[in-house]
Amino acid sequence: MLTLGIETSCDETSCAVLKGQDTLLSNIVSSSLFRHKKFGGVVPEIASRHSMEQIQCVFEEALHEAKIKAKDLDLIAVTQGPGLIGSLFVGVAFAKALAYQLGIPLIGVNHMEAHLVANFFGSPEPKRYIGLLVSGGHTMLTYCEKGKIHVMGETVDDAVGEAYDKVAKILGLGYPGGPIIDQLAKTGNPRSVLFTRPKQDRRFDFSFSGVKTAVLYLLQDFKTGKPKADAPSKKDIAASFQHAVIGWLVEKAIDACEFKKVSDIVVGGGVSANSYLREKLTRDAAAQGIKVWFPPFALSTDNAAMIARRGYELYKKGKWSKLNMTGEPALMIQ
Ligand code: KG4
Ligand code: ZN
């Protein structure tokens, strides 16, 4: 059984061919990142135009690398949401036309659910686990049992990846901020600035907009907006920021595990590539007898392999989509 995965929810255009459940024959990703850099963030119109230009050749490249023809495909899985509306529409329209032309089933996939299953290529999914989803648009704690995903808590404002990107922008470090801060933080003192932990009404919710504002006021005067002469260095701010936000994520993920009495944490989303998160969560969780799963680096950020994998799982459960399915920017976890 051959599944084509299509991902166009944000600034990546990706197609992958999956054989059965685990054998990835190709996973081609074309990023429009270089086009957004000068704006310090993703410009939706540029992202969707890039996907429109790229989708056909990314698809052909994915077939070529998998050494198959379009007529060999048995199933098409496409990101239905959440994401940028224009970008989603490109992938969904392409997928629908192809499914119709080839006469094969189509499955709309939730991008966040797919980030979790990026961990399970070649390793069976634990029966029960806590999912920590950390991307540019979302931050969530989920409880997963027998393939069903329940949201336990989420961010009430910025996503953690967004906080990385905004802090990097304030520090004038470039875009995307996550990998840049990850590297710079290695050279700074994580205890040079103490950021206040946000208070949440709900135990498993997060908030990241306060820390971003706190970084701004480290660099400039609150009233006049003028630069401060005694501001800490960028590397110390980066290290302290990372120490704070990753600390909050790790604590809540372990707390959620203890609350639900499970012994696995599965991490997904672009921030799962973060070296400090990988190190600290693995260490702190091991001390409590908890195993942590991280996706391979290539599958941490957006890719179509995870969409194909999730689509295949849904297909096995008979959850096919109709051809009038459409992109849903605010699609929730069901
Ligand atoms: O999942 P993803 O590729 O796209 C969305 O679905 O949003 O996540 C992108 C986010 C960006 O905010 C980026 O800065 C962040 O992931 N990111 C990182 C790292 N690599 C990517 N954040 C922290 N450390 C990293 N190494
Ligand atoms: Zn993502």
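Biologist: Which residues lie nearest the centre of the second largest pocket, and how many residues line it?

Modeller: First, the ground rules. This is a predicted model, in which local features need pLDDT of at least 70, side-chain atom pairs count only at pLDDT 80 or more, and totals for chains, interfaces and linings use all residues. Residues are numbered from 1 along each chain as its sequence is written, chains are lettered from A and ligands numbered from 1 in the order in which they are written, and side-chain values use heavy atoms, with hydrogens and water left out.

Now the general idea. Take a 1 Å grid over the protein atoms alone: a pocket is an open set of points with protein on both sides within 12 Å along at least five of seven lines, a cavity is a set where a 1.4 Å probe fits but cannot get out, and lining residues have an atom within 4 Å of a point. Here, 18 residues line the second largest pocket, and Glu113, Arg310, Leu314, Lys319 and Gln334 lie nearest its centre.

Biologist: What volume does the second largest pocket have, and which element gives the largest share of its lining?

Modeller: Grid points are joined across faces, edges and corners, and a volume is the space filled by probe spheres set on the points. For the second largest pocket that is about 330 Å³. Elements are DSSP runs numbered from the N terminus: helices (H or I, at least four residues) and strands (E, at least two). β5 gives the largest share of this lining, four residues.

Biologist: Where does ligand 1 sit?

Modeller: A molecule sits in a pocket if more than half of its atoms lie within 2 Å of the pocket's grid points. Ligand 1 sits in the largest pocket. That pocket has a volume of about 990 Å³. Its lining has 37 residues, with Ser135, Gly136, Gly137, Asp165 and Tyr175 closest to the centre. α5 gives the most, six residues.

Biologist: How many residues surround ligand 1?

Modeller: A residue is near if one of its heavy atoms lies within 4 Å. For ligand 1 there are 19, and the closest are Gly136, Asp165, Asp182, Gly270 and Asn274. By class, the shell has five nonpolar, 11 polar and three charged residues.

Biologist: Which side chain lies 3.2 Å from an oxygen atom of ligand 1?

Modeller: A polar contact is a pair of N or O atoms within 3.5 Å. Histidine 111 places a polar side-chain atom at 3.2 Å from a ligand 1 oxygen. An N or O atom in the side chain of aspartate 182 is 3.0 Å from a nitrogen atom of ligand 1. Aspartate 302 has a side-chain N or O atom 3.0 Å from a ligand 1 oxygen. Taken alone, ligand 1 exposes 550 Å², and the protein buries 89% of that; such areas come from the Shrake-Rupley method with a 1.4 Å probe.

Biologist: Which residues does a cis peptide bond join?

Modeller: Most peptide bonds are trans. Here, a cis bond joins glycine 81 and proline 82, with omega about -10°. Another joins tyrosine 175 and proline 176, with omega about -5°. Proline 176 is in the loop between α5 and α6.

Technical notes. Polar contact = N/O pair within 3.5 Å; in protein donor to acceptor, adjacent residues only side chain to side chain. Nonpolar A, V, L, I, M, F, W, Y, C, P; charged D, E, K, R; others polar.
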